[in-house]
Amino acid sequence: MWRIHCHPGPVPARRLHLMQVDSVQRWMEDLKLMTECECMCILQAKPISLEEDTQGDLILAGGPGPGDPLQLLLKRGWVISTELRRIGQKLAQDRWARVHSMSVRLTCHARSMVSEYSAASRNSSQEMGQGPEGPALQLVFDRCLWNLVSASIFLQIEKLLMEKCSELSAVTERCLQVENEHVLKSMKACVSETLSTLGQHFGQLLELALTQEVQALVRKIDASDNIYTTESTTGNLFSLTQEGAPLCRIIAKEGGVVALFKVCRQDNFRCLYPQALRTLASICCVEEGVHQLEKVSVQKR
């Protein structure tokens with residue numbers, strides 16, 4: 001009886017390369033089969049026509065609850081920014097009927113954002129004031145102080161914003177009745193200027209409100225010695241950093257770097273170090289965050 005002994009030797013480099021290529025190709029083929037159905041479903045769900053401008057209304061149908069002013073600001077702000085961009089696109093195409101209807105809808109969005117945020121801020125202050133803890137009462141005091149100091153500025157910008165919204169709706173309505181191309185051309189420049197000024201007022205109002213909410217989060221981290229409260233607030237701050245560079249700048253300017261650095265220097269918050277450091281890294285993606293981190297590092301030496 002013959003016995004054949006096979007001694008495994010080293011796999012030739014060429015054969016190993018072919019095996020790797022084949023495995024990658026098989027993985028790509030499997031990936032195609034697994035994702036093709038999902039991709040087709042997404043493509044089939046998209047509207048064929050670009051004239052459907054109902055996305056903003058659909059977004060608001062699943063909006064945040066009345067007690068979440070920060071998420072309300074982010075979602076309403078995104079919707080209004082999208083409406084401004086779409087109005088600019090329709091204006092460039094001289095689609096005056098669409099420009100007017102979207103301007104009216106923009107006015108409704110802006111008015112709703114202001115009223116809903118005011119109501120949500122009041123509810124948030126009342127909820128924080130229900131607790132007996134000193135930090136909670138301090139946060140209520142800080143929010144009330146902000147209201148006293150910045151309420152007049154907020155109301156001024158709100159008034160300018162709503163005036164420009166009304167002006168945009170009125171001038172676009174007049175454009176619907178004009179047939180002379182030369183007159184429309186001059187009115188188009190007026191509409192474009194009004195739209196630009198409206199966008200500036202909206203940006204100022206949104207930044208002012210977001211600054212207040214960031215200040216509240218930073219103060220909450222500074223005042224809290226509860227690990228669960230600090231974990232939740234730090235998580236909220238990290239979520240804000242994922243919204244883009246403008247919010248990272250606000251967080252850095254309002255002391256977010258200092259507050260997170262303080263968390264990283266407390267032994268009782270040791271389990272929160274990874275989360276705090278990840279948030280710090282996100283804030284430092286902007287120049288303001290790096291400057292604040294350098295200042296803190298120098299002070300701690």
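**View 1. The whole chain and its surface.** The accessible surface of the chain comes to about 18,800 Å², and 57% of that area belongs to carbon and sulfur atoms (Shrake-Rupley method, 1.4 Å probe; for residues, only the protein chains shown count as cover). This is a predicted model, in which local features need pLDDT of at least 70, side-chain atom pairs count only at pLDDT 80 or more, and totals for chains, interfaces and linings use all residues. Residues are numbered from 1 along each chain as its sequence is written, and side-chain values use heavy atoms, with hydrogens and water left out. The chain holds eleven helices and zero strands (DSSP runs numbered from the N terminus: helices are H or I, at least four residues; strands are E, at least two).

**View 2. The largest nonpolar core.** This core has 57 residues (buried Ala, Val, Leu, Ile, Met, Phe, Trp, Tyr and Cys joined through side-chain atoms within 4.5 Å; buried means under 20% relative accessible area, exposed over 50%, partly exposed in between, with a 1.4 Å probe and protein chains only). Its largest share, 15 residues, comes from H6. Leu161, Leu210 and Leu240 have the most contacts inside the core.

**View 3. The surroundings of Leu161.** Leaving aside neighbours within four places in sequence, Leu161 is in contact with Ala110, Leu198, His201, Phe202 and Leu205 (contact means heavy atoms within 4.5 Å).

**View 4. His201 in helix H6.** His201 lies in helix H6, residues 181–223. With a relative accessible area of 13%, His201 is buried. Not counting residues up to four places away in sequence, His201 touches Ile157, Leu160, Leu161 and Lys164.
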